[in-house]
Amino acid sequence: MKKRQKRLLLVAGGLTSVALVTGLVLNAFRDNLVFFYTPSDIVADIVPMERTFRIGGLVEDGSVYRGEDGITVHFRVTDTAVAVPVVYHGILPNLFREGQGVVAVGSLQDGGVFKASQVMARHDETYMPPEAAEAIKRAQREAARTVEQSGGY
Amino acid sequence: MSERGIQWFRFTAPANFYDLAGRLIPWFAALTIALFAAGLYLGLVVAPPDYQQGDSYRIIYIHVPTAWMGMFLYVLMAVYAAIGLIWRIKMAEIMAKAIAPTGALMTFFALWTGALWGRPTWGVYWVWDARLTSMLILLFLYLGYMALHAAIDDRQRASNASAVLAMVGVVNVPIIYFSVQWWNTLHQGASITVTDAPTMATIMFVTLMIMVLAAWMYSIAVVLARARVEVLERERNARWVQERLEDGRT
């Protein structure tokens, strides 16, 4: 075997084993690498209850209301299957709104309320001008009205 | 390989590379300036604001091209390093070494602009989610490669040792790319994929692609220039360098 063929084999073998090891390690740490848990994870009891952890999902429509001090916010985080009530005392990021992705840091209190110490907005991968967003919203309203009218029962 | 005598290998000869790169660099530099000017004008003036993020989304025009470039340059660097290590082609070793600083710069810009975008959008500069962390590891791999190369005095041993580091680090690139799919991350998923239509308005997409091209042209021009200097340093005693010096061709 020529020297350069030996080197080629060494490199190929080395890279394959590194890839294999990385794959196995990542697979083993799979659950620890998630940045946040979903509300369904909480219901399924795979969340470290006593510890501080992150919960992620969408802010449920119509669930946001502010406390009397004007800075405490109550809302529910949903993954469209399960919703978890969250209470937060502090300033929310600009992008925070109903229907928007959100990640909250905190822990579960007795009674199943998640007490957040920090709230981050999560952006989705859609980018469009405001006029386009407005047009889509209008189209959706139109569609909803048509369904209502034709439904008629 | 060389038994077949393909013309390709002409350019692996340092003297030929030196001449060709010298002719190409001004073109790539001119393209860089033109594309950056057009891309920045479109991105900052023509493109509309985003419906949710307003104007802060415009940082995407720097963030995405530099992030892609950082990842791609790493793969390229590792491929050159492997070729240099296995087939002992001097030019490949030089190219691998020349790519590293540009790749590190691109990765740094991606991290930095990402932090500046994260503060108004997410509410934090930095979080330890899979995407951000793996990108930071990429920066450390670049810095480690350069440090290792510089730490060993013997040129051949420096090349070999850092080539191994470059190749091992390649596993990180698919991790960066797929991190947003494999794990829950704060970072959003990809807007532009090979399989689906981009989830962004056409003018934004076109502008982004112009900026991506600009990043490419910049990287090519700078890497070629750096490789040229390296060739000159390594071959300073060679006859072809003396000839060019006498002719005034530099």
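**View 1. The two domains of chain A in the predicted model.** The domain assignment of chain A divides this predicted chain into domain 1, covering residues 1–33, and domain 2, covering residues 35–122. Taken over C-alpha atoms, the centres of domain 1 of chain A and domain 2 of chain A are separated by 41 Å.

**View 2. The contact between chain A and chain B.** Chain A contributes 31 residues to this contact, and chain B contributes 33 residues. On the side of chain B that touches chain A, the elements giving two or more residues are α2 (60–87), α3 (90–121) and α5 (155–169) of chain B, and α2(B) gives the most, with four residues. By class, the residues on this side of chain B comprise 21 nonpolar, ten polar and two charged.

**View 3. Helix α1 of chain A against α2(B).** The axes of helix α1 (residues 3–28) of chain A and α2(B) come within 8 Å and cross at roughly 140°; α1(A) and α2(B) are therefore oblique to each other. The contact is made by R4(A), R7(A), L8(A) and V11(A) of α1(A), together with A82(B), L85(B), I86(B) and W87(B) of α2(B), and by class it has six nonpolar, no polar and two charged residues.

**View 4. The largest nonpolar core and A104(A).** The largest nonpolar core has 84 residues, and those with the most contacts inside it are A104(A), M77(B), A81(B), M95(B), A96(B) and I99(B). The element that gives the most to this core is α2(B), with 16 residues. Leaving aside its neighbours within four places in sequence, A104(A) is in contact with R54(A), I55(A), V77(A), V86(A), Y88(A), F114(A), A116(A) and V119(A).

Technical notes. Residues are numbered from 1 along each chain as its sequence is written. Chains are lettered from A and ligands numbered from 1 in the order in which they are written. This is a predicted model: local features need pLDDT of at least 70, side-chain atom pairs count only at pLDDT 80 or more; totals for chains, interfaces and linings use all residues. Domain bounds come from an automatic or database domain assignment. Two residues are in contact if their C-beta atoms, placed from the backbone, lie within 7 Å. Ala, Val, Leu, Ile, Met, Phe, Trp, Tyr, Cys and Pro count as nonpolar, Asp, Glu, Lys and Arg as charged, and the others, Gly among them, as polar. A nonpolar core is a set of buried Ala, Val, Leu, Ile, Met, Phe, Trp, Tyr and Cys residues joined through C-beta atoms within 7 Å. A residue is buried if 20 or more other C-beta atoms lie within 10 Å of its own, exposed if 12 or fewer, and partly exposed in between; C-beta atoms are placed from the backbone. Axes are lines fitted to C-alpha atoms, for helices over the stretch in contact, and angles run from 0 to 180 degrees between N-to-C directions. Angles under 35 degrees count as roughly parallel, over 145 as roughly antiparallel, 65 to 115 as roughly perpendicular and the rest as oblique.
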